[in-house]
Amino acid sequence: MTKGFRFDPSGPTLDIINGSRTVYQLGSQMVEMLTTVETFSAVTVAFADLTKDNMVYWSGSTSWNPADPYPQTYHNNEVGIPYITAPPQESDVTQDLMDVPAGADFFAGQIKLSRTSAPSSWFARTIPVLPPVSTWLPFMGGLSLPLEAEFGFYRMLHLYIDAGAGKLRIGKQTSISVAPAGVAQAFASSGSNPASYWHSSAGSVAGLPFKLGTQSVLAYDNVLTGNRQFADRGGSSQPSLSISTNLASTYSVDIVGRFGRRTY
């Protein structure tokens, strides 16, 4: 035989040969596919909204004229900038598709998906779908597919056999990174006249400030004392922290494939 397959049942081995050259050799472990085609149509795969917090970045300045007669008048400016933040978090949720047939230890086939509900913007950017949509994508033995990614934001879809539970499962994973240094900023100041001040304050825990709200901007004069932080968190003109966001996303997923098992 110059070209083709050579099977040795004593091994057992299966060789693909081309003349005297062995192109590929499958050793003692072989595989067989079960005859039943498993079809899953329009499966809803939903990723939940994130756990969220908030942050206020406040800055202010005070100036005065030392030549003014006592009591001196202080000229103040303040800006309070609100953000919705996403604290560091990990989510790994599964949903079952079916029981695994006896003896099967892998699943191979094709998957097709489309996003039916998109998340809100992230740092004023649209969160893209990474893989091709409405296109059949082949997989062998299981699947780990990156779905969505932006700065500090990542989602994946997994399709696998949970051997312990005996289930074919979809895994939905979301990961939000730790906020970089500098997001939570201690009170600082510079200069004397004018004097500038700034700091940021988190609600409960520092997070990525992904959504900007409406600023609170003040300009006023007062006597004897400088900036009073009216536009800061807890002040009488604190900016609103009611900022609408929803980072949930939903996909419609079609899967066609067969279970298989390894033989020894």
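# Strand architecture and side-chain contacts in a predicted model

The accessible surface of the protein chain comes to about 14,000 Å², and carbon and sulfur atoms account for 54% of that area. Accessible areas were computed by the Shrake-Rupley method with a 1.4 Å probe, and for residues only the protein chains shown count as cover. The model is predicted: local features need pLDDT of at least 70, side-chain atom pairs count only at pLDDT 80 or more, and totals for chains, interfaces and linings use all residues. Residues are numbered from 1 along each chain as its sequence is written, and side-chain values use heavy atoms, with hydrogens and water left out.

## Overall composition

The protein chain holds 18 strands and 0 helices. Both element types are DSSP runs numbered from the N terminus: helices are H or I runs of at least four residues, and strands are E runs of at least two. Of the 264 residues, 35% count as buried. Here buried means under 20% relative accessible area, exposed means over 50%, and partly exposed lies in between (1.4 Å probe, protein chains only). Among contacts between residues at least 6 apart in sequence, 71% join residues at least 24 apart; a contact means heavy atoms within 4.5 Å.

## Strand S13 and its partners

Strand S13 spans residues 167-176 and is mostly covered, with 7 of its 10 residues buried. Strand S8 (residues 89-99) pairs with S13 in the antiparallel sense over 10 bridges. Within this pairing, Thr94 stands opposite Gly171 in S13. Strand S12 (residues 153-162) also runs antiparallel to S13, and 10 bridges join the two. In that case Ile161 stands opposite Leu168 in S13. Two strands are taken to pair if DSSP finds at least two bridges between them. S12 and S13 form a hairpin with 4 residues between them, and Gly166 in the turn has a positive phi of about 70°. In a regular strand the side chains alternate between the two faces of the sheet.

## Salt bridges

A salt bridge is counted when a side-chain nitrogen of Lys or Arg lies within 4 Å of a carboxyl oxygen of Asp or Glu. By this rule the model contains 8 salt bridges. The table lists three of them.

| Side-chain pair | N to O distance |
|---|---|
| Arg169 and Asp96 | 2.5 Å |
| Asp162 and Arg169 | 2.6 Å |
| Glu148 and Arg155 | 3.1 Å |

Salt bridges that share partners join Asp96, Asp162 and Arg169 into one network. Arg169 is buried, with a relative accessible area of 17%, whereas Asp96 is partly exposed at 41%. In the pair Glu148 and Arg155, both residues are buried.

## Gln89 in strand S8

Gln89 is found in strand S8 and is buried, with a relative accessible area of 18%. The side chain of Gln89 reaches the backbone oxygen of Thr51 at 2.9 Å, and that of Pro87 at 2.9 Å as well. Not counting residues up to four places away in sequence, Gln89 touches Leu50, Thr51, Thr174, Ser175 and Ile176.

## Arg261 in strand S18

Arg261 is found in strand S18, which covers residues 249-263. Arg261 is partly exposed, with a relative accessible area of 28%. The side chain of Arg261 makes a polar contact with the side chain of Glu32 at 2.6 Å. A polar contact is a pair of N or O atoms within 3.5 Å; within protein, one must be able to donate a hydrogen and the other to accept it, and residues adjacent in sequence count only if both atoms are side-chain atoms. Arg261 and Asp105 are 156 residues apart in sequence, yet their C-alpha atoms are 5.2 Å apart in space.

## A nonpolar surface patch

Phe5, Ile16, Val23 and Tyr24 make a nonpolar surface patch of about 390 Å². Patches consist of residues with over 30% relative accessible area and no salt bridge; like charges are joined within 9 Å, and nonpolar side chains (Val, Leu, Ile, Met, Phe, Trp, Tyr) within 5 Å. One of the patch residues, Phe5, is found in strand S1 (residues 3-8). Phe5 is exposed, with a relative accessible area of 55%.
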